[in-house]
Amino acid sequence: MVPAMIASVETMLERWRQHEEKQIEVYKESKLLTAEVIFQTAFGSSYLEGEKIFDMLMKMGMIMARNRFKIRLPGIGKFLKSRDDNESDKLEQAIRESIIGVIDKREEKVMRGEENNYGSDFLGSLIKTNHDIDEKNRISVDNMVDECKTFYLAGQETTNGLLAWRLLLLAVHTDWQEKARMEVFELFGQQKPNAEGRNYLSWYGPQAQLVVTDPELIKEIMNNKDGVYLKGRLDQFAKKLLGDGIVLAEGEKWSKLRKIANHAFYAESLKGMVPAMIASVETMLERWTQHEEKEIEVNKESKLLTAEVISRTAFGSSYLEGEKIFDMLMKMGLITARNRFKIRLPGSGMFWKSCDVLESDKIEQAIRESILGMINKREEKMVTGEENNYGSDFLGSLIKANHDIDEKNRISVDEMVDECKTFYFAGQETTNGLLAWSLFLLAIHTDWQEKARKEVFELFGQQNPNAEGIARLKIMSMILNETLRLYPPVINLLRRVEREVRLGKLIVPANTHVMLSILALHHDPELWGKDVDLFKPERFADGVAKATNNNIAGFIPFGFGPRICVGLNFAANEAKIALSMILQRYRFTLSPDYVHSPIQIVTIRPKNGIPIVFNKL
Ligand code: HEM
């Protein structure tokens, strides 16, 4: 749509040339421009063609406004119609006829063979849906007319206000006018703007968001040397999911929590977790023996496995014990995902709570109670003398820190609960994605499956994997990296700019949100080459630096800099152990029933699951 928008602005600026050095009434101009833009982009027509519809909609808007505060007796409309009622009936009919005229014109072009489809704009999509053979998707002519009316009006009236008031404010605040001009010249020079650059401004509801996909800038943001880039604020649902723990914390609180997490997941601790990981994979493979030569839905299996592994290794319990917490966290994840793009009026939560808000409040409370129950159980074992310490796993470290005599290191009960939530969720959801997508890719690319199997047999034979061998799985590492490149479980990272900062050529104002798009970065042909969308683990044969042409921030599935993922090696070990043990037993291919549809519900998941057929070696 950018070229059509530019062309409309050019028409307006052409008009302005005759009024240079004189006054221009910008509200009127902005009205014309926004009308032209919506006509061109959504309806493939010009303002002049749509002018009649637009004028009638304006008149209807005026009638609506002047009748807003008039109270009518219920039912009176049946006996008495005001002048405005009569006029609006007539207008409604005339608008309907005009819109149907626009639709007919488009349809006729296809009937006469002038065009071979209804067009890819909004009007074209409506007509296509009106002709849909599936009744469930089809919309009626009335629906089409209503949608056209809505988009004619909503697409113009609102943007008109935004543009006109912005011009007013910039005309008053000439210092900001200068800053904005500087930015525009830096980005585009005398060229026209484009929305396809590596870094661009977008809107997340009313919040300005700078999207960054340039690896150099990403490095600068993630290294955060001046402490300007803080973690983005989560919405109320995501906050209930992850709490106010390590993922969001800053400063001393973050250092304290990070130290505990680092200690629980550092290399030596990970070695000690290998037997628990193997035992969990064995439980899964035992289940699979009843489905050999048949399909297995590996995303579901991977979910169970990763839940079992994090329960055993970090919380010293089994999946069944933690199942309730997982289920509740999953529900909260779903609520978070479906509310992501809902905009709320500030303060409205004080007067009215949606069903999702009420449900998430209840879930949050129930998760808290379950986690406290688990903590109490561990503490009781110490009190009754059954154990002589709180344990060396993550939960044990948290309880120890809660009892620390040094106030600086001590964490509160709320902090313990938030950390448990975070690690239950982050430790499972993400690794689930990595394992499921890597099985999917190996089921398609059986040549790489064979290479990986050969490596596994060379290192472990028929034995279970061991820590030394896991570190030497080179082919497997290449495959996992390529999986994380194509299907990064976390697709973007958010930061908030605390104070005005220069980022490359840009001056970013305070409070701007910055979104680092991992997905865009990992699919950038300039970084990865023309074959960017192909599964080619050989890219990583000589390490990440070589694969990214020395743009090390070009591959960041686990983040970058001081806030890099704590569970990086844990996740890699778990995936390597699971894949090795599967490869030792089965050859596998993708089921013909598989339907490709990755969706984002917090992480990237296969909407329809991943059915794979496993044949015993
Ligand atoms: C394939 C698996 C995983 C992926 C792709 C992944 C991805 C990420 C990413 C991209 C970040 C950076 C977030 C940011 O900078 O805003 C992150 C941070 C984090 N991850 Fe992971 N993660 C994975 C597994 C895990 C596991 C297994 C755990 C826990 C055992 C974990 C715990 C965390 C924590 C606590 C943070 C926050 C670190 C901090 O802010 O200091 N992750 N992860």
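Q: Which residues form a nonpolar patch on the surface, with about 340 Å² of accessible area together?
A: The model is predicted. One member of the patch, Val172, is in helix 6, residues 141–172. Valine 172 has a relative accessible area of 55%, so it counts as exposed. The patch is formed by Trp165, Leu168 and Val172.

Q: How many helices and strands are there in the protein?
A: The C-alpha trace spans about 85 × 60 × 60 Å along its principal axes. Of the 617 residues, 44% are buried. The protein holds 23 helices and 12 strands.

Q: Is cysteine 420 buried or exposed?
A: A residue under 20% relative accessible area is buried, and one over 50% is exposed. Cysteine 420 has 0% relative accessibility. Cysteine 420 is therefore buried.

Q: How many disulfides are there?
A: A disulfide is a covalent bond between the sulfur atoms of two cysteines. The cut-off used for the sulfur pair is 2.5 Å. For cysteine 420, the closest cysteine sulfur is in cysteine 565, 17 Å away, so a bond between them is ruled out. The count of disulfides is zero.

Q: Which residue is the only protein donor of the iron atom of the ligand?
A: The donor atom is an SG, at 2.3 Å from the iron. The residue that carries it is partly exposed, because its relative accessibility is 33%. The loop that holds it runs between helix 22 (543–547) and helix 23 (568–585). The donor residue is Cys565.

Q: What distance separates the C-alpha atoms of phenylalanine 423 and glycine 567?
A: Phenylalanine 423 belongs to helix 16, residues 413–444. Its relative accessible area is 8%, so phenylalanine 423 is buried. Along the chain, phenylalanine 423 and glycine 567 are 144 residues apart. Their C-alpha atoms are separated by 9.0 Å.

Q: In strand 8, which residue is the bridge partner of asparagine 492?
A: Strand 5 covers residues 492–497. Strand 5 and strand 8 run antiparallel, joined by five bridges. In strand 8, the partner of asparagine 492 is serine 517.

Q: How many residues of strand 2 are buried?
A: Strand 2 is joined to strand 1 (residues 199–204) by six bridges, and the two run antiparallel. Strand 2 also pairs with strand 8, in the parallel sense. The rest of the structure largely encloses strand 2, because its buried residues number five of six.

Q: In strand 2, which residue is the bridge partner of tryptophan 203?
A: Strand 1 and strand 2 run antiparallel. Six bridges join them. In strand 2, the partner of tryptophan 203 is alanine 208.

Notes. Residues are numbered from 1 along each chain as its sequence is written. This is a predicted model: local features need pLDDT of at least 70, side-chain atom pairs count only at pLDDT 80 or more; totals for chains, interfaces and linings use all residues. Side-chain values use heavy atoms; hydrogens and water are left out. Buried means under 20% relative accessible area, exposed over 50%, partly exposed in between (1.4 Å probe, protein chains only). Donors are N, O and S atoms within 2.8 Å of the metal (3.2 Å for Na, K and Ca); water is not among the atoms, so sites may look incomplete. Helices (H or I, at least four residues) and strands (E, at least two) are DSSP runs, numbered from the N terminus. Patches are made of residues with over 30% relative accessible area and no salt bridge: like charges are joined within 9 Å, nonpolar side chains (Val, Leu, Ile, Met, Phe, Trp, Tyr) within 5 Å. Accessible areas come from the Shrake-Rupley method with a 1.4 Å probe; for residues, only the protein chains shown count as cover. A salt bridge is a side-chain nitrogen of Lys or Arg within 4 Å of a carboxyl oxygen of Asp or Glu. Two strands pair if DSSP finds at least two bridges between them.
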